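The exercises that follow are meant to be worked through with the model in view, and each task is followed by a solution in steps.

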Amino acid sequence: MGIAGTAVAKNACDIILTDDNFASIVKAVMWGRNVYDSISKFLQFQLTVNVVAVTVAFISALANATPLTIVQLLWVNIIMDSLASLALATEEPTPELLTRSPYGRKKPLITRHIFRFIFFHSILQLFIILSLFFAGHILFDLPQGDNEDPSEHFTMIFNTFVFLQLFNEVNARKIHGEGNVFRGIFRNWIFWAVIISSVIFQVIFIEIGVILPALEVVVYTKPLSLRLWFWCIFFGMFELIWNQIIRLYPVWLVPKLGWFTDPLKRGFRRLRRHNSSKRGHSPSALRDEEDDDDINARQRWILGIRRIQTQIRVVNAFRAIQDREEIETSVPPTPVTSTHATSEVGFSRFSN
């Protein structure tokens with residue numbers, strides 16, 4: 001207790017309640033878990049965008065044609081970095097956060113649910129984008145795009161890519177494989193403001209050639225017909241259906257992140273040992289450095305036990321003081337007789 005607590009109790013404790021209200025602990029836990037979930041939401045969304053963008057840029061570079069220009073990638077970064085972080089990190093905590101078990105210290109930030117989300121959504125987006133890149137002009141009867149002049153072919157690819165991310169941003173609101181991705185979406189007005197503003201700016205970005213034809217070369221887009229707009233939005237909406245489909249894949253079949261990182265760690269350790277042996281360092285010293293984590297864990301364990309023992313001693317001390325006060329108040333005071341009165345009674349008896 002920060003107000004009613006004594007200095008001894010404050011020095012022995014780990015957490016001090018400044019307002020002496022235990023409800024503050026519940027709020028602190030809720031906000032802490034909410035911050036952790038917000039980071040996980042943005043991470044799974046951003047990694048999906050980066051995987052798809054890098055893969056498309058690499059494959060299109062091999063094909064000597066880039067459907068996403070530098071200006072378009074900058075626009076995508078504005079939508080998917082700044083605005084997406086506001087949309088996914090501004091949701092207020094809910095009581096449902098207290099129903100799940102706490103995370104461990106060594107629990108990876110990318111869980112199996114997040115890995116499944118990134119993997120399958122990246123596959124869907126790559127399939128759609130690459131299909132439009134290699135066969136979109138045939139499927140929709142469009143002139144094949146090139147990097148010389150803006151074309152409807154490449155504009156449709158860029159527009160589809162943006163709408164895929166906008167609808168996938170709705171899926172990224174849930175990180176534990178929940179089915180209803182729209183639950184609680186109306187409580188966050190910032191999320192809706194970001195989505196609506198992104199759609200409006202995307203329409204302006206695509207149709208800017210109608211208003212200012214001179215800017216077509218700068219943004220490298222060409223106005224699309226209503227038919228192509230419908231297909232772009234349809235491809236984006238399929239993200240919501242695909243998110244329900246991938247939930248059928250059991251999460252226990254998804255490999256853990258440690259299956260990929262542990263071999264790398266062992267490889268780096270072997271490389272360090274090899275380099276240290278070349279430089280003349282003893283392998284035992286390197287093994288001692290690797291065991292520092294275990295030693296630190298034991299030290300933290302001992303420190304925690306000592307803190308618990310200190311707190312028990314403080315509680316026992318307070319109980320002893322309280323018991324002593326109760327004993328002193330329960331014993332009645334002994335009557336005190338005056339020596340002067342006693343001597344007068346004895347003298348009267350002696351004289352008689």
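A salt bridge is taken here as a side-chain nitrogen of Lys or Arg within 4 Å of a carboxyl oxygen of Asp or Glu. The model is predicted, so that local features need pLDDT of at least 70 and side-chain atom pairs count only at pLDDT 80 or more, whereas totals for chains, interfaces and linings use all residues. Residues are numbered from 1 along each chain as its sequence is written, and side-chain values use heavy atoms, with hydrogens and water left out.

**Exercise 1.** Describe the secondary structure and the overall burial of the chain.

Solution. Begin with the elements, which are DSSP runs numbered from the N terminus (helices are H or I with at least four residues, strands are E with at least two). The chain has 13 helices and 0 strands. Next, take burial, where buried means under 20% relative accessible area, exposed over 50%, and partly exposed in between (1.4 Å probe, protein chains only); by this scale 32% of the 352 residues are buried. Finally, consider contacts, meaning heavy atoms within 4.5 Å: of those in the chain with a separation of 6 or more, 77% are between residues 24 or more positions apart.

**Exercise 2.** Which residues form a salt bridge with glutamate 91, and where do the partners lie?

Solution. Start with lysine 41, whose closest N and O atoms in the salt bridge with glutamate 91 are 3.2 Å apart. Lysine 41 belongs to helix α2 (residues 23–62) and glutamate 91 to the loop between α3 (70–88) and α4 (112–139), so this pair ties together parts that are 50 residues apart in sequence. Then turn to arginine 173, which forms a salt bridge with glutamate 91 at 2.7 Å between the closest N and O atoms. This pair links distant parts of the chain, 82 residues apart, since arginine 173 sits in the loop between α5 (152–171) and α6 (189–206). As for accessibility, lysine 41 is buried, glutamate 91 counts as buried at 12% relative accessibility, and arginine 173 counts as buried at 3%.

**Exercise 3.** Characterise the surroundings of glutamine 125.

Solution. Locate the residue first: glutamine 125 lies in helix α4. Its relative accessibility is 0%, and therefore glutamine 125 counts as buried. Then list its contacts, leaving aside neighbours within four places in sequence: glutamine 125 touches Thr48, Val52, Leu164, Gln165, Asn168 and Glu239.
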